[in-house]
Structures are given as C-alpha cells and as structure tokens.
Amino acid sequence: MTETGEDYREAQLSGQWWEKRQFTGCDFTEADLRDVRIRGCTFDGCDFTKADLARSRHDASAFRSCTFDRAVLAQSRWSACSLLGSSFVDCRFTGIALTECDLSLAAFARGRLRKLDLSGLRLREANLTEADLTDSDLRGTDLTGARMIGTKLSGADLRGALIDANGLRQADLRDARVDLDLAAGFAAAHGLVVK
C-alpha cells in the first residue's frame with residue numbers, strides 16, 4: 001500500500017520502526033524522525049525540509065528525488081540505500097555513515113561534507129559544485145560525470161576513485177591523495193603528455 005501526499009509535518013515519529021512501506025509525495029517538514037529504523041521502504045518525491053533524522057537507521061531503502069533542506073542527518077546510518085536524484089541543502093552531516101549507497105544525480109551544491117567517509121559510494125553525475133569535501137575519504141568512489149566546479153578536495157583520499165577529465169579540471173585537488181592512474185588522468189586533463 002502506498003501513502004500518497006500524506007501530511008507528516010511536525011509529526012513526532014521518533015524511535016518508530018518502518019518496514020516495507022511506500023511513500024509518494026509525502027511531507028515530512030520539521031518531523032521528528034530521530035532514532036527511527038527504516039528497512040525496505042521507498043520514498044518518492046518526499047519533502048524532509050528541516051526534519052530531524054539524527055541517529056536514524058536506513059537499510060535497503062530508496063529515497064528518490066527527495067528534498068533534504070536544512071535536515072539534521074547527524075549520526076544517521078544508511079546501508080544499501082538509493083538516494084537517486086535527491087537534493088541536500090545546508091544539511092548537518094556530522095558523523096553520518098553511508099555504506100554501499102547510490103547517490104547518483106544527487107545535489108550537494110555548497111554542501112559541507114568535510115572529513116566524511118564516502119568511500120565506495122556511487123556519486124555518478126552528482127552536483128558537487130562548490131561542495132567542501134576537505135579531508136574526506138573518497139577511495140573507490142564513482143564520481144563519473146559529477147559536476148565539480150569549485151569542489152574542495154584538499155586532503156581528500158581519492159585513491160581508486162573514478163573521476164572524468166572535466167572533474168579533474170574543475171575541482172580544487174590541492175593536497176589530495178591520488179594513485180598513479182588518477183595522477184596520469186589529471187595530467188592528461190590539463191594537456192600534459194604522459195609517456
């Protein structure tokens with residue numbers, strides 16, 4: 001059964017357990033979702049503006065084209081989730097854990113993603129314009145096609161990451177850790193001939 005257009009604004013839902021529920025176009029604005037446990041649920045086009053998802057747990061769930069505007073995601077855990085096309089604006093990410101998640105087409109423009117473990121994630125065609133990923137772990141992360149104009153990657157670990165030529169030209173990679181393949185790609189993207 002799909003819940004469509006339901007109003008959960010300012011709802012007190014802390015500590016609840018949701019499994020195999022479907023939500024379409026539901027409004028969770030300013031909802032209290034702290035410590036909620038979600039497994040096998042789908043959220044399509046839902047609004048989590050100013051929602052508090054601190055310490056929440058999400059397993060094998062999909063949040064497609066959802067809005068997280070000024071949401072609190074601190075200490076939340078996301079495992080095998082799809083956040084395809086969702087947008088994150090001025091969110092609090094402190095201590096967030098993302099494992100085997102697909103963030104393709106997600107928007108993190110100007111997001112503060114410092115010192116996060118984003119290793120092995122799928123961020124294909126994500127909008128990382130002017131995002132701050134200083135000192136983040138991006139080992140093995142797929143950033144193919146990501147928009148990285150002004151993305152700060154100082155001190156980030158990019159070993160094994162997939163970044164195309166545009167990303168290598170657009171991002172600020174000073175002091176980033178890279179492997180030989182990425183170093184050669186960076187050189188080629190800047191017009192150098194590696195022999």
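Two strands pair if DSSP finds at least two bridges between them. Helices (H or I, at least four residues) and strands (E, at least two) are DSSP runs, numbered from the N terminus. This is a predicted model, in which local features need pLDDT of at least 70, side-chain atom pairs count only at pLDDT 80 or more, and totals for chains, interfaces and linings use all residues. Residues are numbered from 1 along each chain as its sequence is written, and side-chain values use heavy atoms, with hydrogens and water left out.

Start with the sheet. Five strands form an open sheet in the order β2-β4-β6-β9-β11, and the pairing is parallel. Its edges are β2 (17–19) and β11 (97–99), each of which pairs on one side only. On average, neighbouring strands are turned by 5 degrees against each other, direction ignored; the axes behind such angles are lines fitted to C-alpha atoms, for helices over the stretch in contact, and angles run from 0 to 180 degrees between N-to-C directions.

Now look at β6 and β9. Strand β6 (residues 57–59) runs parallel to β9 (residues 77–79), and three bridges join them. H58 stands opposite W78 in β9. The side chain of H58 also makes a polar contact with that of S56, at 2.8 Å. Such a contact is a pair of N or O atoms within 3.5 Å; within protein, one must be able to donate a hydrogen and the other to accept it, and residues adjacent in sequence count only if both atoms are side-chain atoms.

S56 sits in the loop between β5 (42–44) and β6. Is S56 buried or exposed? It is buried, with a relative accessible area of 0%. Buried means under 20% relative accessible area, exposed over 50%, partly exposed in between (1.4 Å probe, protein chains only). Leaving aside neighbours within four places in sequence, S56 is in contact (heavy atoms within 4.5 Å) with L33, D35, V36, Q75, S76 and R77.

G95 lies in the loop between β10 (87–89) and β11. It is partly exposed, at 30% relative accessible area. Not counting residues up to four places away in sequence, G95 touches Q75, S76, R77 and L116.

Move on to helix α2. G95 and A184 are 89 residues apart in sequence and 33 Å apart in space, C-alpha to C-alpha. In α2 (residues 180–189), L182, A187 and A189 are buried. Seen down the axis of α2, its buried residues fall within an arc of 165 degrees, so they line one face of the helix. That arc is taken from the directions from the helix axis to the C-beta atoms. The cover over these buried residues includes α1 (165–170). The face turned away carries the exposed residues L180 and D181. After α2 comes G191, whose phi is positive, near 85 degrees.
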